[in-house]
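Thanks for making the time this morning; I would like to walk through a handful of local features, one after another, with the model on the screen. Please have the sequence open beside it.

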Amino acid sequence: MEHKGEQRAAPALVKQAELAALLDDSDDAAYAAWASGTSRPPPPSSLEQAADRADAHDAALAEWAVGDESVPPPVRAADEEAERLPLAEVFAGMLVPWTQEEFDAAREPEPHAFERGNVGLFPIGEVSVAAAAGREGKTTNIVGIATALAMAHSLAELWPRRDRCVVIYSAEDSRRQYARKFAAQASLLPEAQAKLVMERVLVPDLENEAFAPMRALVRMAEGAPYATSTVTAIIEALRPIMASAVPIGLLVVETASTVSEADETNTGLRILVDALKRIGRALQVSVLLSHHVNQASLVKLPDLDISTEDFRGGTALIGNARQTAMVVNLGSDDNPLPANDARTILRSLAAPGETGRVSAFITLDSSKGIDPPPVFFRWVQTDFGPAAVEVPAPPALAGKHWKLVHQMIRAARAEARKEEREDRAAEKKDATRQEHMRAVLRALAEMERETPDKPATERQIRERARLNSANAGQALAAAEAQGVVERYPARAGGKDTNAYRLKGGGTDER
């Protein structure tokens, strides 16, 4: 499908002087005077004419967008559009009291793609964002999530609606690349479930020659980002699926940087999220946008001090999304992270005994329900590459949202550090004792060589070994317990005492 309008330059924003051509000055002046309370309202006929001219402008712009006009009409500024009187009338009509029906409906929790009570993943009609650093396994985790939804399998004890499909709009990975990823998932499933994945995961080929030039959802015109007509095209193309026996349960858009030509500023990201929100609300479907984290966040990963501040770009992305998540690689036995790394601790808590790679899909916050618990995946190698298979959380972690899990990690890490310090102290103490024992053995061997007929008392041994009484006594007791030396009664200085000799009378210093 060719959209001629998309191949031209987008319409430029007009100056204030040009806006007067759309809504004449007399109407604007009359309305402004009435709004300030200095005159009566302008005649309805005048207002209706202004609204008609504005509607005509919108129609002209729509015609230009699909290529029916050669010259784009001027684009009214957003503020000018908001000031149209019909909107004021519509808004006034919405100022009504609550009804009992509305309060009764409010008892129902917000719907999500995966849910249990007030806890859910990916609110319906809203945009969620999942971000990760490079090579953390973001796409593989999303493929695992899509597979679970297609075959109506729970994730972290959250259940999807039955008979739902997934659409993945990816301007990053091709349909062929996704074929390998889903073939890997299907290869681990029984035939019936593998068939569901093949039928219910829809990945359009955005590299199609007729579509590729139009795949961007946000473009730039004279330095300003705008949503393209592709957004409307997606809505219209997906409507029939939503009315089918297997409607869409999740729309995945990958990635923010590839479906938008705008810079990752607040303005550019807000327009992108608004465009995706239009799709989500028009179709009543959950939208998941994949994104990346900034470089500064990488130093936080060893402590898992992750937050939405780590997401790349402006705050508008987080402010306009309803749920945010981060994908984190927790390592494997083949590629382990340091023992005291928080990711290693989380892996031991979430997947004890697992030797392969484990990753976590961690929801950081959610504004439409209680934050869902993290979802853990183990990576299984197949002929098609890795597949992500959920690891059910152990009872200690099951159902706990990220803040509670993070507290458990900190506690476990503190305990591990305490044990590590104690182990180091014990090792140091043991090494000291070993050195003391070697010192008394050397002293005893020297005394037996120099004065073989003279008994070696504890006092003489500790003086030669340069140890205090306690350390020398402990060393001799340990050597005796190990059978290295033997104690025997003797006389020294006219008194009965104990003397020591190397076992067997040898002079081995050991």
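Predicted model: local features only at pLDDT ≥ 70, side-chain atom pairs only at ≥ 80, totals over all residues.

Let me begin with a criterion: a salt bridge here is a side-chain nitrogen of Lys or Arg within 4 Å of a carboxyl oxygen of Asp or Glu. With that in hand, the side chains of R343 and D341 qualify, since they meet with N and O 2.8 Å apart and that falls within the 4 Å limit. Both partners, R343 and D341, are buried.

How many salt bridges does a search of the whole structure find? The search returns 22 of them, and I will pick out a few. R312 pairs with E264, and here the closest N and O atoms are 2.8 Å apart. This pair links distant parts of the chain, because R312 sits in the loop between β10, residues 286-292, and α14, residues 316-320, while E264 sits in the loop between α12, residues 256-259, and α13, residues 266-283, so that 48 residues separate the two.

Another salt bridge joins E446 to R464, with 3.1 Å between the closest N and O atoms. This one, too, links distant parts of the chain, E446 belonging to helix α16 and R464 to helix α17, 18 residues apart. E446 is partly exposed, with a relative accessible area of 26%, and R464 counts as partly exposed at 35%. There is also a network to note, in which salt bridges that share partners join E126, R281 and R322.

Helix α16, residues 402-450, packs against helix α17, residues 458-465, at an angle of about 110 degrees, and their axes are 8 Å apart. Angles of 65 to 115 degrees count as roughly perpendicular, and α16 and α17 are therefore roughly perpendicular to each other. The crossing in which α16 passes α17 is right-handed. On the α16 side the contact is made by A439, V440, A443, L444, E446, M447 and E450, and on the α17 side by Q460, I461, R464 and A465. Sorted by class, that contact has 7 nonpolar, 1 polar and 3 charged residues.

Helix α11, residues 230-242, packs with α13 at an angle of about 25 degrees, the axes being 10 Å apart. That makes α11 roughly parallel to α13, given that angles under 35 degrees are counted in that way. Here again α11 passes α13 in a right-handed crossing. The residues in contact are V231, T232, I234, I235, L238, R239 and M242 from α11, together with A275, R278, I279, A282 and L283 from α13. By class, the contact of α11 with α13 has 9 nonpolar, 1 polar and 2 charged residues.

Let me turn to the backbone. Most residues other than glycine have a negative phi, and most peptide bonds are trans. Another is Q284, whose phi is about 55 degrees; Q284 lies in the loop between α13 and β10 and is partly exposed, at 47%. As for the peptide bonds, the one from E254 to T255 is cis, with omega near -10 degrees, and T255 is placed in the loop between β9, residues 248-254, and α12.

E254 comes back in my last item, which concerns D173. D173 is in the loop between β5, residues 165-170, and α9, residues 175-186, and is buried, with a relative accessible area of 15%. Leaving aside residues up to four places away in sequence, D173 touches T139, Y178, K181 and E254. Of these, T139 is 34 residues from D173 in sequence, and the C-alpha atoms of the two are 9.1 Å apart in space.

Notes
Residues numbered from 1 in each chain as written. Heavy atoms only, no water. Axes fitted to C-alpha atoms, helices over the stretch in contact; angles between N-to-C directions. Helix = DSSP H or I, 4+ residues; strand = E, 2+ residues; numbered from the N terminus. Parallel < 35°, antiparallel > 145°, perpendicular 65-115°, else oblique. Left-handed = near helix turned anticlockwise from the far one by under 90°. Contact = heavy atoms within 4.5 Å. Nonpolar A, V, L, I, M, F, W, Y, C, P; charged D, E, K, R; others polar. Buried < 20%, exposed > 50% of the residue type's maximum accessible area, 1.4 Å probe, protein only.
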